[in-house]
Amino acid sequence: SRPAPRALPAKKPEADREAKKREQKVQRLEKKIAELEAEVAAAETKLYEEGDRLDALTAARIWKEKEEAKKKLEELFEEWSAVSAVAP
């Protein structure tokens with residue numbers, strides 16, 4: 001008779017759940033980062049292409065929104081980096 005096949009060590013369900021939660025968080029962060037990058041690019045394009053036709057208040061508002069989005073991007077990149085760096 002043949003020996004029974006050896007079972008592979010089972011992953012702990014808790015570790016699997018944590019890895020899945022971490023991966024979902026990474027995906028959410030990546031989606032938000034992509035959205036903010038698009039927002040920054042759109043604002044930069046509008047300022048560049050329409051800057052001479054925008055009134056000062058509108059241009060200032062677009063600039064401020066762009067800068068706020070860039071700041072949030074930096075924060076999200078830091079969070080993404082920290083979450084992504086954790087070994088699965």
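The protein has 2 helices and 0 strands. Helices (H or I, at least four residues) and strands (E, at least two) are DSSP runs, numbered from the N terminus. This is a predicted model, in which local features need pLDDT of at least 70 and side-chain atom pairs count only at pLDDT 80 or more, while totals for chains, interfaces and linings use all residues. Residues are numbered from 1 along each chain as its sequence is written, and side-chain values use heavy atoms, with hydrogens and water left out.

**The whole protein**

- Of the 88 residues in the protein, 16% are buried. Buried means under 20% relative accessible area, exposed means over 50%, and partly exposed is in between (1.4 Å probe, protein chains only).
- The accessible surface comes to about 7,500 Å². Carbon and sulfur atoms account for 55% of that surface. Such areas come from the Shrake-Rupley method with a 1.4 Å probe, and for residues only the protein chains shown count as cover.
- Take the contacts between residues at least 6 apart in sequence: 74% of them join residues at least 24 apart. A contact means heavy atoms within 4.5 Å.
- A search of the whole structure for aromatic pairs finds 0. To pair, rings of Phe, Tyr and Trp (its six-membered ring) need centres within 6.5 Å; planes under 30 degrees apart count as stacked, over 60 as edge-to-face and the rest as tilted.

- K66 sits in helix α2, which covers residues 56-85.
- K66 is buried, at a relative accessible area of 5%.
- Setting aside neighbours within four places in sequence, K66 is in contact with V40, A43, E44 and L47.
- The side chains of K66 and E67 are joined by a polar contact of 2.9 Å. A polar contact is a pair of N or O atoms within 3.5 Å; within protein, one must be able to donate a hydrogen and the other to accept it, and residues adjacent in sequence count only if both atoms are side-chain atoms.
- K66 also lies over the face of W63, at 3.9 Å from the ring centre. A charge sits over a ring if NZ of Lys or CZ of Arg is within 6 Å of the ring centre and within 35 degrees of the ring normal.

**Salt bridges**

- The structure holds 7 salt bridges. Each one is a side-chain nitrogen of Lys or Arg within 4 Å of a carboxyl oxygen of Asp or Glu.
- K66 forms a salt bridge with E44, and their closest N and O atoms are 3.9 Å apart. This pair links distant parts of the chain: K66 is in helix α2 and E44 in helix α1, 22 residues apart.
- E44 is partly exposed, with a relative accessible area of 36%, whereas K66 is buried.
- A network of salt bridges links E44, K66 and E67.
- E79 and K25 meet through their side chains in a salt bridge (3.2 Å, N to O). E79 lies in helix α2 and K25 in helix α1, so the pair ties together parts that are 54 residues apart in sequence.
- E79 is partly exposed at 32% relative accessibility. K25 is partly exposed too, with a relative accessible area of 32%.
- E14 forms a salt bridge with R17, with the closest N and O atoms 2.8 Å apart. Both lie in helix α1 (residues 13-50), 3 residues apart, which is about one turn of the helix.
- E14 is partly exposed, with a relative accessible area of 44%. R17 counts as partly exposed at 47%.

**I62, a buried residue in helix α2**

- I62 is found in helix α2. Its relative accessible area is 5%, so I62 counts as buried.
- Not counting residues up to four places away in sequence, I62 touches A43, K46, L47 and L54.
- I62 and V40 are 22 residues apart along the chain, and their C-alpha atoms are separated by 9.6 Å.

**D55, in the loop**

- D55 is found in the loop between α1 and α2.
- D55 is partly exposed, with a relative accessible area of 44%.
- The side chain of D55 reaches the backbone nitrogen of L57 at 3.1 Å.
- That D55 side chain also makes a polar contact with the side chain of T58, at 2.7 Å.
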